[in-house]
Amino acid sequence: STTDHIIHFPSLFILPGCIPFLPKTMEEATKVTETPPPLLERRVRQQQPTVSVLKSKLKKSVTCSVPRVRSTLTGFFPVLRWLPKYKLREYVWGDVMSGLVIGIVLVPQAIAYCLLAGVEPIYGLYTSFYANIIYFLMGTSRHISVGIFSLMGLMVGQVVDKELFLAGFDLNEDFTSSGPDVFNATLGTNLTAGKIHTVELMGLQCGKECYAISVAAALTFMAGVFQVMMAICQLGFVSVLLSTPVLDGFASGASFTILTMQAKYLLGLRIPRHQGYSAVVVTWINIFANIHKTNVCDLITSAICISVLVGGKEIQERYKDRLKIPLPSELVVVAGATLASHFGELNSRYGSSVSGHIPTGFIPPQVPSFSLMPRVALDAIPLAVISFAFTVSLSEMFAKKNGYTVRPNQEMLAIGFCNIIPSFFHSFATSAALAKSMVKDSTGCQTQVSGLISALVILLVLLFFAPFFYALQKCVLACIIIVGLQGALRKFKDFPAKWRASQNDAIVWLVTMSATALISVELGLLVGVVFSMICVIFKTHSPKVSLLGRANNTDVYEDMDEYKDLMPPPRVHIFRFQAPLYYANKESFLKSLYKAVRVEPFLEVTKRRKAEKKAKEMSLKQAKANRDKNNGEVVIGIQRELDFHTIILDCSAMPFIDSTGVLAFKGLVKEYKEISVSVLLANCNTTVIDSLQKEQFFGQNDKDMSSLLFHTVHAAVLHANTTFATETLSRKL
């Protein structure tokens, strides 16, 4: 008996691996086409009313209890959760070592990156100090280093320069100096001899330094507010738009911009900053136009410092397995250069530009200027997104490496408050930094106690050692910044490998990098995001399509262009479209299908009508010639026989379908039916099925579902052959 081996599919019974028995009589045909019970039955999900769901969530959110308060506090301040469990003997040595190393690295970088941000060096120290403390309280990552970051400094600096220019300040940073080569650029400022230009801000007269940090603080406050709002509204998915090629391209383009902005310090040139687009191009033109004014003292100092810094990094890279802690190259360079500049009187004797006075202690807190916030609100959006994206990506990377988890939403809150709170204390935007985070991880960091140690190191500098950096040359700070860009600049060397791995990703990287470097940083990021989205749309607009064939004596069907020894089912075309079907690619889907099956239904109907009309005319002429009494009423029907009777749409590679796609399916079924060709669907996921049901693709109450939809391609093929055989037999009878 074969009864035990029968497999049930919609609309047929078959034997496994066998060709279905063709019915010989109408009685047999009727038995074959009886619909058996379905193999798979959807679960009925009862969706609760939206109002009741909102009520329950609101009730849960306003409920107050001791466990809920404790949970809220430990969620908002994760330090309350892990600090009581701190393993002192196991963790303290690694945290102290990594904290000291990062603190030593942060001090020269905090001073240097202020050149990028366009503010005085003391504010970089404030930024690093407060960011480390706040992230210690609110962060969920154990290893990332949050603080001053070159890309953030660059983006802040561009906004600061723009607002200074609009306020009428001279953008030549040395305009207050007394060196012999100082000149005032013709930027239309209100600077006159013996009078320093000021503007009124919050009821006080504000000079250039005051106005610069006020703009930076207002920008930082707005960026933090946007990040907190994104966290509250669960908008962390926004960072998904920043793909890896976009972030890498943005970082590389911004790094080239930073290199360009610092090149003038290496040569000791005093040229004004360019405002507007193509700042990189204009800056290089100005550098070459003023190359004859190079300060030899700054040039020699820069060459020595870069040699020491690069050499230190190469030694560190070569002997990283033997060295327990990183070489403090930056600290050695800063200390040596400061001593040489002080005792050699490089500023007074050779006109070398120096950092100037850095006060000790803390400036009283001040509310960020509300009058500046509307002017910098738009600039704060890309700053907020980039800061969050880098922080979360680095958090997840180090969490995965060290075997724990982070909460992206809490990370957004943490970095948001790392911007909001310090903005009251004269600080600017912060983010996680890859280089410092890697150093932190490699020196034995276990928890964010290391961040607290780094903050204590910076506090010592703020309280006691800051004035000693007075004679530190700006060219030394520029060297530290440029050498710190090594990782991002190496991405240029990796471009051929990127191209071989994925041309699409390589093009996205190239476009983002070029736009960032040649147009502007903010527009470069926007161009990168838009271009990457266009690439995704283009991919789905013209996806790969294929006709499937069957592997010998199996129910496996695959692409005949990709696999050998596949045979197409007789008189059946199986078409696979490897993309979602929606409004943007509907036409591409239809054109691809018509091309694959080589029959366009509308044209086929038109051909048949023309053939019938021509046959009728010929019949009338023949009847008239023979003087037929029937007056040509007998017509010879001519109908072209197609080489297939069914098209099966394999939807296994179709993640979703919209209403336009459903209309396309409906049109296909209707149009091909006119030329006696059936259209069946196979391998549809539940999302596609739900969309089809909502648009009543299967008719009223889904009455045609069992004859149009199949769980496998093989079931659809067998149903198509059986149905065609039954219809052929019924026509004969």
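How many aromatic pairs does the structure hold? There are 26 of them, and since this is a predicted model, treat the tour as a walk through computed geometry.

Start by selecting Phe76 and Phe417. Their rings make an edge-to-face pair, 5.7 Å centre to centre with 80° between the planes. Colour the helices and you'll see that this pair links distant parts of the chain: Phe76 belongs to helix α3 (residues 66-76), Phe417 to helix α15 (residues 408-423), and they are 341 residues apart.

Next, jump to Phe465 and Phe468. This aromatic pair is tilted, with 6.4 Å centre to centre and 40° between the planes. Phe465 is partly exposed, its relative accessible area being 44%, while Phe468 counts as exposed at 60%.

Now for a group: select Tyr123, Tyr126, Phe129, Tyr130, Phe362 and Phe425. Ring pairs join these residues into a cluster.

Last stop: Glu411, back in helix α15. Is this side chain buried or exposed? Glu411 is buried, yet has no salt bridge. Show Arg407 as well: it is the nearest side chain of opposite charge, and it lies 7.7 Å away. What Glu411 does have is a polar contact, side chain to side chain, with Thr140 at 2.6 Å.

How values were computed. Residues numbered from 1 in each chain as written. Predicted model: local features only at pLDDT ≥ 70, side-chain atom pairs only at ≥ 80, totals over all residues. Heavy atoms only, no water. Phe/Tyr/Trp six-rings, centres within 6.5 Å; stacked < 30°, edge-to-face > 60°. Helix = DSSP H or I, 4+ residues; strand = E, 2+ residues; numbered from the N terminus. Buried < 20%, exposed > 50% of the residue type's maximum accessible area, 1.4 Å probe, protein only. Lys, Arg positive; Asp, Glu negative; His and termini not counted. Salt bridge = Lys/Arg side-chain N within 4 Å of Asp/Glu carboxyl O. Polar contact = N/O pair within 3.5 Å; in protein donor to acceptor, adjacent residues only side chain to side chain.
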